[in-house]
Amino acid sequence: MNVPKEIMRFCPKCNKHTKQKVSTYKPGKRRGSALGERRHAEDKKGYGGQKFPKLAKPAKTTKKWTPILTCTVCKKKWNKRGIRIRKVELIAH
Ligand SMILES: [Zn+2]
């Protein structure tokens, strides 16, 4: 799907419609020292360590795409609700 790089949208901080840049949300790098990560590693250790069956046939064929909208006036960022989509192309209007 083609998505414009810039859209006019209401900014709750500016309280008016402003030009907003569209970009893609990317999850950050996972830290091995995080508590959940350490707990999971401990659970998986040893004989019979796999705690849930590995997904052999995933039901979903697409990934979710979460756009980030950045207001060009106040520089505030908003995450929009993600949609299931195969391919996204940001195009200049
Ligand atoms: Zn704004």
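Colleague: Is Cys 71 buried or exposed?

Modeller: Buried, because its relative accessibility is 0%. Buried means under 20% relative accessible area, exposed over 50%, partly exposed in between, with a 1.4 Å probe and protein chains only. This is a predicted model, where local features need pLDDT of at least 70, side-chain atom pairs count only at pLDDT 80 or more, and totals for chains, interfaces and linings use all residues. Residues are numbered from 1 along each chain as its sequence is written, and side-chain values use heavy atoms, leaving out hydrogens and water.

Colleague: Which protein donors does the zinc ion have?

Modeller: Cys 11 (SG), Cys 14 (SG), Cys 71 (SG) and Cys 74 (SG), at 2.2 to 2.4 Å from the zinc ion. Donors are N, O and S atoms within 2.8 Å of the metal (3.2 Å for Na, K and Ca); water is not among the atoms, so sites may look incomplete.

Colleague: What arrangement do the four donor atoms make?

Modeller: Tetrahedral, because they subtend angles of 101 to 119 degrees around the zinc ion. Four donors count as tetrahedral if all angles lie between 85 and 135 degrees.

Colleague: And how are the donor residues spaced in sequence?

Modeller: C-x2-C-x56-C-x2-C. Cys 11 in strand S2 (residues 6–11) and Cys 71 in strand S5 (residues 67–71) are 60 residues apart, so this pair links distant parts of the chain. Strands are DSSP runs of E, at least two residues, numbered from the N terminus.

Colleague: Cys 11, buried or exposed?

Modeller: Buried, with a relative accessible area of 0%.

Colleague: New topic. Where is Gln 20?

Modeller: In strand S3 (residues 16–24). Gln 20 is buried, at 0% relative accessible area.

Colleague: What lies 3.4 Å from a polar atom of its side chain?

Modeller: The backbone oxygen of Arg 9. The side chain of Gln 20 also has a polar contact of 3.4 Å with that of Thr 18. A polar contact is a pair of N or O atoms within 3.5 Å; within protein, one must be able to donate a hydrogen and the other to accept it, and residues adjacent in sequence count only if both atoms are side-chain atoms.

Colleague: What else is Gln 20 in contact with?

Modeller: Beyond four places in sequence, its contacts (heavy atoms within 4.5 Å) include Cys 11, Leu 69, Cys 71 and Trp 78.

Colleague: And Thr 18, buried or exposed?

Modeller: Buried, at 4% relative accessibility. Thr 18 is in strand S3. Among its contacts beyond four places in sequence are Cys 11 and Cys 71.

Definitions and conventions
Four donors count as tetrahedral if all angles lie between 85 and 135 degrees; four count as square planar and six as octahedral if opposite donors are over 155 degrees apart and all others between 65 and 115; anything else is irregular. Helices (H or I, at least four residues) and strands (E, at least two) are DSSP runs, numbered from the N terminus.
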